[in-house]
Amino acid sequence: MSITKRNFGTFEGQDVDLYTLTNKNGMSVSIMTYGGAMVNILTEDRNGKFADVILGFDDVYGYINDDTYQGALIGRYCNRIHQGKFSIDGVEYQLNVNEENVSNHLHGGHKGYDKRLWNVLYTSDYNEPSISLTLVDEDGMENYPGTVNVNVIYTLTEDNSIKIEYFATTDKPTPINLTNHSYFNLNGYDSGDILNHRAQLYTDKFTPFNENFCPTGEIASVKGTAYDFTSPKAVADAVNDTEDEQIRINLGVDNSFYYGRKGIMKHFATLYAPESGRILDTYSDQTAMQFYCGNYLKGVPGKNGSKLGYRNSICLETQYTPNTPNNDWLPSCIVYPGETYHFTTIYKFSHD
Ligand code: BGC
């Protein structure tokens, strides 16, 4: 096990550091202080060959200029809040709106957690290497109420899992919804589209969206729809289902799947790449997951001359269902002073 640190550039005059955690099997994950983002994940394929299985850039400047949230921690509220409006105990709030075409607050606004520098509270290479990051999200940032203290701990375990623990406290009632926005390609970041990846999602429920890309209010069955991943299915079979209106609108799958049972660890998803044999299992005690197949990537240059291309990656964003503050039929995302927001997500890598 080891942890190394190197400079990854500067942001607003401050050094950005890149930490690489390596476990006893040789698997590694690199995390930078800008955006608390995962920058590289090196895992073995069925022939023992290591490859980097997330998209991204060679230095921090790529991430600073990026608007696709590569690898980043997302907050204070990931995903959408319609018109940026909500109320808590009768008090109305208006967040900044940054998804202009549909008037939503998206992924924390103009300067979400992905665009801020995180502090390193500690690193530990005892047994399973970990890094603990903190962020003070001041009262009024992006118009959110209350100062929120965030702590995210990444641990690389002996069984080749990346465990992400999210903690947050607040001094005023506020919505909190944190996730990681890594774009996975299990054949390697530079190996083309993910249409052949097979996905299995361990839920038969999803929340269809309305014209604002927010849930209609229905928890629908996936049966008979393009969103039925209850058995392993090639991503191509879903994203090419142009009969489905939501697939057509979003150029592919970009939907929230519903798991419920807040606070209980559940198996969310298995992703498998037949070419390399790599497998990614996702577990979480959250209630929903945005399954997004890179439909809006436009081919900008990424790592090592590669391109961040249309449909060449998949995001598995564990979180509350979008627009939770305006949907009281969903588990509440409001955190009050004295409470601690706490969720855990595990990305476990293996191969066939
Ligand atoms: C959303 C997409 C959005 C993307 C931004 C995803 O979490 O589901 O709709 O375009 O983030 O890069």
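For the classification used here, Ala, Val, Leu, Ile, Met, Phe, Trp, Tyr, Cys and Pro count as nonpolar, Asp, Glu, Lys and Arg as charged, and the others, Gly among them, as polar. On this basis, in the predicted model, the lining of the largest pocket divides into nine nonpolar, twelve polar and ten charged residues. The lining of the largest pocket comprises 31 residues, of which Asp67, Tyr69, Glu99, Leu106 and Tyr296 lie nearest the pocket centre, and the volume of the largest pocket is about 830 Å³.

The ligand sits in the largest pocket, where the residues surrounding the ligand are Thr68, Tyr69, Arg80, His107, His181, Tyr183, Asp254, Gln290, Tyr292, Tyr296 and Glu317. This shell divides into four nonpolar, four polar and three charged residues. Taken alone, the ligand exposes 310 Å², of which the protein buries 92%.

The second largest pocket has a volume of about 210 Å³ and is lined by Gln14, Lys111, Arg116, Leu117, Asn119, Leu135, Val136, Glu138 and Met141. The lining of the second largest pocket divides into four nonpolar, two polar and three charged residues.

Conventions:
Residues are numbered from 1 along each chain as its sequence is written. This is a predicted model: local features need pLDDT of at least 70, side-chain atom pairs count only at pLDDT 80 or more; totals for chains, interfaces and linings use all residues. Side-chain values use heavy atoms; hydrogens and water are left out. A residue is near a molecule or strand if one of its heavy atoms lies within 4 Å of it. Accessible areas come from the Shrake-Rupley method with a 1.4 Å probe; for residues, only the protein chains shown count as cover. On a 1 Å grid over the protein atoms alone, a cavity is a set of points where a 1.4 Å probe fits but cannot get out, and a pocket is an open set with protein on both sides within 12 Å along at least five of seven lines; lining residues have an atom within 4 Å of a point. A molecule sits in a cavity or pocket if more than half of its atoms lie within 2 Å of its grid points. Grid points are joined across faces, edges and corners, and a volume is the space filled by probe spheres set on the points.
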